[in-house]
Amino acid sequence: MFRFLTAGESHGPGLTVIVEGVPAGVKLTEEYIAAQLARRQRGYGRGGRMKIETDFAAIRGGVRHGLTLGAPVAMTIENRDFANWQGAMDVGPVGPEVDHRENTRVVPGHADFPGALKYMAHDMRNVLERASARETAARVAAGAVARAFLEELGIEIHSRVVSIGSVKASDTPSSEIDWDAVEECDVRTDDASTAEAMRAAIDASKADRTTIGGVFQVVAEGVPVGLGSHIQWDRKLDGRLAQAMISINAVKGVEIGRGFANTERPGREVHDVVVPAPDDPRRFRQTSNEAGGIEGGMSNGNPIVLHVAIKPIATMTDPLPSVDINTGEVIEAPYHRSDICQVPPACVIGEAMMAQVLAHAVLEKFGGDHISETSRNLDGYVASHQEFGQPSAAFGRGPEPARERTGETAGTAD
Ligand SMILES: Cc1cc2nc3c(=O)[nH]c(=O)nc-3n(C[C@H](O)[C@H](O)[C@H](O)COP(=O)(O)O)c2cc1C
């Protein structure tokens, strides 16, 4: 099983992440992980914090001479900003003379209000420090480990911004997107005029002292048919991906394929027709990808395409009316240094979450304590599809027995 756990507060000493289930023999370096962390730090509309941090995940276990050992991969990421929070974020007890940088005023839309009541936090710093998206740096480090594993199996993950506010990028099929151009762009789109309009929308929000959300797309290519399962609700690949995406801070919606748009179209237009394709390893292919690469909770071999909706950030320079959690007094929400738009970096976090779900699903299906074993099992499975359909003992199929007519017709049960 591939899984990870993170720990650490936004302004504490640092983040820790442990990734378990990585097979041995996967090429992994700190530089590779640093490149993924740097991608999360970029983006037009980010706040001052990113100028302080240059994220680097130091590997503390599970890797030797550039290869994973099959043991848990442990990493730590230092918070440089901790230097500015000494005392307030010390691990040990501190006296009343230390400025605790206490936070008692609720930011509507952040974790403050439910967190204060649930955890009895009179100082809501105890909640917001962990609710902060700083934690997603650890997720990207874990995602980089998953990604390194998947890349060795030919699975690649990309992302782009699809909209910021009401500015929308073109509805280009994922196969036609120039991913290198996306990577070069600070709003993660491959179209220069859309990028300009997106930057202008972010600038307008800043001038209006508010924030702006949007939608991003995450695409996985090279995914074999058959990851996930229709058998149980918690084995469905689309369900797992939706949960992973929704768990990202401020994400409020996930669409698999054209899930929302297709509600307005007739059934005959929205399903992916299967045709024979001798040159395809599956021996078949689909003439479209409306389903976004998943049917019945299983990957179908097409690119997996998700759209993810992310709300505008809650912390604003023109704050909403709010309350003091201790006194009950009506006040203005506080302003802590904050981003204006987090859609571009959220793309990279979405990729990391996609990577860890796919890594888990790949290991569930193909297993392997060493990457060569996983790879061999995958190759054997893919090759078996060339024989599938031929009467063969390998599939437990002999010649079709003669059947009596019962009057029943074949069909789906739903
Ligand atoms: C990359 C990224 C950066 C974020 N930056 C901020 C921020 O600067 N200020 C803020 O209030 N929220 C920020 N958020 C969102 C909060 O972490 C999130 O809204 C909060 O934890 C409450 O959770 P919820 O919105 O998922 O309900 C950011 C989210 C992401 C993905």
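Biologist: Hi! How do the axes of helix α8 and helix α10 cross, and within what distance do they come?

Modeller: The axes of α8 (residues 237-246) and α10 (residues 343-366) come within 9 Å and cross at roughly 145°. Axes here are lines fitted to C-alpha atoms, for helices over the stretch in contact, with angles running from 0 to 180 degrees between N-to-C directions. Helices are DSSP runs (H or I, at least four residues), strands are E runs of at least two, and both are numbered from the N terminus. This is a predicted model: local features need pLDDT of at least 70 and side-chain atom pairs count only at pLDDT 80 or more, while totals for chains, interfaces and linings use all residues. Residues are numbered from 1 along each chain as its sequence is written.

Biologist: Nice. Which residues make that contact?

Modeller: From α8 there are Leu237, Arg240, Leu241, Ala244 and Met245, and from α10 there are Gly350, Met353, Met354, Gln356, Val357 and Ala361. Contact means C-beta atoms, placed from the backbone, within 7 Å.

Biologist: What is the make-up by class?

Modeller: Eight nonpolar, two polar and one charged. Ala, Val, Leu, Ile, Met, Phe, Trp, Tyr, Cys and Pro count as nonpolar, Asp, Glu, Lys and Arg as charged, and the others, Gly among them, as polar.

Biologist: Is α10 mostly covered or mostly uncovered?

Modeller: Mostly covered, with 21 of its 24 residues buried. Buried means 20 or more other C-beta atoms within 10 Å of the residue's own, exposed means 12 or fewer, and partly exposed lies in between, with C-beta atoms placed from the backbone.

Biologist: And what span does α10 reach?

Modeller: From first C-alpha to last, α10 reaches 34 Å, close to the 34 Å expected at 1.5 Å a residue. The expected span is 1.5 Å times one less than the number of residues. Just after α10, Gly367 takes a positive phi of about 60°.

Biologist: Switching topic: where is Arg337, and is Arg337 buried or exposed?

Modeller: Arg337 sits in the loop between β18 (330-332) and α10. Arg337 counts as exposed because there are 10 C-beta neighbours inside 10 Å.

Biologist: How about Glu31, buried or exposed?

Modeller: Glu31 is exposed, as 9 other C-beta atoms lie within 10 Å. You'll find Glu31 in helix α1 (residues 30-41).

Biologist: Last one, zooming out: how many helices and strands does the protein chain have?

Modeller: There are 11 helices and 18 strands. Of the 414 residues, 39% count as buried, and the C-alpha trace spans about 90 × 50 × 45 Å along its principal axes.

Notes. Two residues are in contact if their C-beta atoms, placed from the backbone, lie within 7 Å.
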